[in-house]
Amino acid sequence: MGARPAFPVARPLPRDWFLPAPGGPGEVCPLGPPGRRPASPGREAWTRFRRNPLAVPGLVVLVLIAGGVLLGPHLARVPYDRIDLAHQNEPPGPRHWFGTDQLGRDTFARTWVAGRVSLLVGLAAAGIDVGIGAVYGGVAGLAGGWVDEGMMRVVDVLYGVPFLLVAILLLLVMGPGPMSVVVAIAMVNWLGMARLVRGQVLLLKEQEYVLAARALGVPKWRILLRHLLPNACGPMLVWLSYNIPAAIFAEALLAYVGLGIQPPLASWGSMVSSGSVLFRLHPSQFLFPASALSLTMLSLYAVGDGLRDALDPRT
Amino acid sequence: MTLLGVRDLRVDFRGSGSVVPAVRGISLSVEAGEVVGVVGESGSGKSAAMLALTGLLPAGARASGSVRLSGRELLGAREEDLRRVRGSQIGMVFQDALSALNPTMPVGRQLAEAAARHLHLGPRAAHDRAVELLAAVGLPDPVRRAGEYPHRWSGGMRQRALVAMALAARPRLVLADEPTSALDAELAAEIADLLLRLRAEAGTAVLVSSHDLGLIARTADRVLVMYAGRIVEGGAVEDVFLRPAHPYTAALLGALPGGLRPGESLRPIPGDPPDPSRVGPGCAFAPRCGHAMHGCLLVDPEPYRVSGDNGHLTRCWRYDPEAPPGGGVAHGAP
Amino acid sequence: MEHRDRPLLFVRDLRRHIPDRRGRPIRAVDGVSFAVHRGEIFGLVGGSGSGKSTLARLVAGLDRPTSGAVLLSGRPVRGSRGPARSREVQILFQDAYAALDPRMRVEEIVTEGLRLPRRERRGRAAELLAAVGLPASAAAEFPYAFSGGQRQRIGLARAMAVDPDLLVADEPLSALDPSVQAQIVNLILDLRRRRGLACLFISHDLAMVRHICDRVAVMYLGRFVEVGPAASLADRALHPYTRALSAAAPSLDPRQARLRPVPRRGGYDPAPGAGCPFAPRCPHVRDRCRAEVPPLREITLEHWSACHFANGGWDPPPRPCPAASGQQAVEQPAESPPGLSAEVRTEAV
């Protein structure tokens, strides 16, 4: 075993050195330092989330934008739809912090009101994602066999249909407006979630703890709720954090091409659309809603990245 | 000259704000053509030590001490130098067979590449070497197997392919960390046999670590027993297994079913394996040791010779010259 | 072992064919019959690919057989998988890490099989944990805080919470350190002593199986090739595969440990049907082995083997076993599965 370094013990050894030690060998060891409260997996995930350099700033930005969307229109000096032809196309100034548009409307107020629409669309689409997509995928995965096959063939077929085509058709049928836009986006958006959840359920179904629950006589619905969905939560959340910005952007796209939100209502997409026309002369009308849109999406991506780290199973 | 010389190797894992000492100062040597076994359970640090030898520790881990291969220092060497050493002078067989093989390449090609790179062979010669290796590890029909992909193979075949990879460049030393843990008894026996043949036919030295005592008994000339990051006993395998000097070794051997009447309760070691981040002063095994003395809780003992056996050392206060006589450990080996 | 009473578990000609990727059926379990009695520890050994895990799941009612029956106390184990059935057979898994839901606290995990209101959970969990040697404080923790051995104990507590008669232990020790294996094994032995728990103990560790099992079955490619009392199998194995396993099982005496295992021969692709499934690898193989499937027959009392030459005639003759003795060649062709006495045979079906 190699050379012996200088041994830091004074010789001769004290008399009790070789007497039996008190206590018996190995009582059951405590499970951790005393007084430590058991950290749930949720708390551990939060710690890992915090460690991601972009995640927390992203979260902060999201909170600020949410604040702006809620309070902005009230902080503005004038209502968002007040037309003031005396002050058209103004650059940012003390009266209109973000400037005004062609009709003299306050860009500041409009940006935040538009934000409400954009965010609501995003959240609604996400809600439908989970409501329809997760349940559909969960049922398919759990059922297995030809039920699963059939359900997923439907998904595959729908996946092949181009989004814009569906959206245009639906909007022609339903007429423009926020509700129609939400429906159009949701029609296509749930497919990805369905596939994801089905994949997760198929995977988790074979885990030993699910088998153990079956052996214990736990009914299937309870297994789905208690074991499968909570453990599929991670990938679902990460997917959502990419899907919400996708929905917001889809709405912006529809508004940009003239479908979707109509004036006097505004969304970031429609503001970017009308602002881009006058971009060279009056950039503020474009820049503010475009920045808001970009920042929102970027911070959602950052939060999604943090979520991915947080939910990464370490053990 | 000693093929592999390790002196006072320490490995720390840096976690979030805490430092876990996985290996707390081990020294060992492997001579050419020798098979040295390292016995250890979870938390013993043996896997960390094996990784440290070739610089394969994950980020956040720090190693210190000295690791010399034929006199050349490996610890702290540049990554390019280490890469040349790995594969050509040291072959590695680690636990997770599937992830060590590239799933997108036929096995024969992976072997041939390894051989070509380290032995500077042309493509034809490298392919021949690959087939030779597959045959050497006991795979039937090696020519056909060379063209197959890893995922088509069973666990045992893949493990053998790993050994073949490790041997591709005719290394002088093979490191094997738990080479048989995922295998059933027959396959484990074949791998053990293979390791012995390596030494017999090519003079390759082997350093194998495992918690499978049977594997070590079968293959090793010398054995080192690790506990909580330290080597607590070492010597010729017959000496250590038949006359264990350290209470941990004896308890470990005593926890196995051999030697008891069938149906009798087994004798587990009381308590749980140590948490490397919470080892106190003194001998790490003392809390679980039936022979613990006051001194054991205060100072971690140095290695002492066990009289009567050549090269048999143990870190146990009962072997101190000042210790009262008659402190013999109950020999728990079957 | 007293065989007067009706067996707890009766498996009759069980088959499970699993279609592989091309649709061809793999015969994971290919005609297995046996019985396990109350309080008996029945060992099952075999290499990977032998079908032992599939058999474990079939016995636990987690899988549906292709044909054949699994009867618990006379009633089929699969059917309505309500709580009543779960009280009779439970399962302990090999992978202690995957066997506990990482998002549930231990108290919820161990009481999952019982329908308890929340306030009673903590108390009952503490009792269950104490029975497996874990402190009550473990109830509030999550699985990640525990070592492999501790998790296996939690799994055992969960299984025992519903007080089953039979525990299927599917390689419960394989992933554990040797000193920890002893703890789990002692728990099982204790449960048998105090509650009469029967156990189907699946393992590839022959020494452990020899130590704790009353009877042992050796499985190869979906079939039993040898069944008998544990001591008989260890000392006087009557099938070449069992002998190969024994030779491969390491001894802890380094002087003896360097025996060479029986070398593998031939391909890894099993050829189902023609002849003995072990023929490609058998060192004593003869023409008859390749032509005719040997049936599982009782060779000596309660000791069955599926080899044409089990009662003599191996060529080359086998090396002596550690406790070598002559084999009593008593040929008794019997159709009923091992472990049943004549009385039971008529009753059980």
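I took contact to mean heavy atoms within 4.5 Å. With that cut-off I looked up how chain B meets chain C, and found that the contact takes 51 residues from chain B and 40 residues from chain C.

I noted that this is a predicted model, in which local features need pLDDT of at least 70 and side-chain atom pairs count only at pLDDT 80 or more, while totals for chains, interfaces and linings use all residues. Residues are numbered from 1 along each chain as its sequence is written, and side-chain values use heavy atoms, with hydrogens and water left out.

**Chain B against chain C**

I read a buried area of about 3,800 Å², 54% of it from carbon and sulfur atoms, where buried area is the accessible area (1.4 Å probe) that two parts lose on being put together, summed over both. E186(B), R218(B) and L266(B) supply 18% of the area that chain B buries against chain C, more than any other three residues.

**Two helices of chain A**

I looked next at α3(A) (residues 107-143) and α4(A) (residues 145-159), whose axes come within 7 Å and cross at roughly 145 degrees; helices here are DSSP runs (H or I, at least four residues), numbered from the N terminus. Axes are lines fitted to C-alpha atoms over the stretch in contact, with angles from 0 to 180 degrees between N-to-C directions. The residues of this contact divide into 9 nonpolar, 2 polar and 1 charged.

Terms used:
Chains are lettered from A and ligands numbered from 1 in the order in which they are written. Ala, Val, Leu, Ile, Met, Phe, Trp, Tyr, Cys and Pro count as nonpolar, Asp, Glu, Lys and Arg as charged, and the others, Gly among them, as polar.
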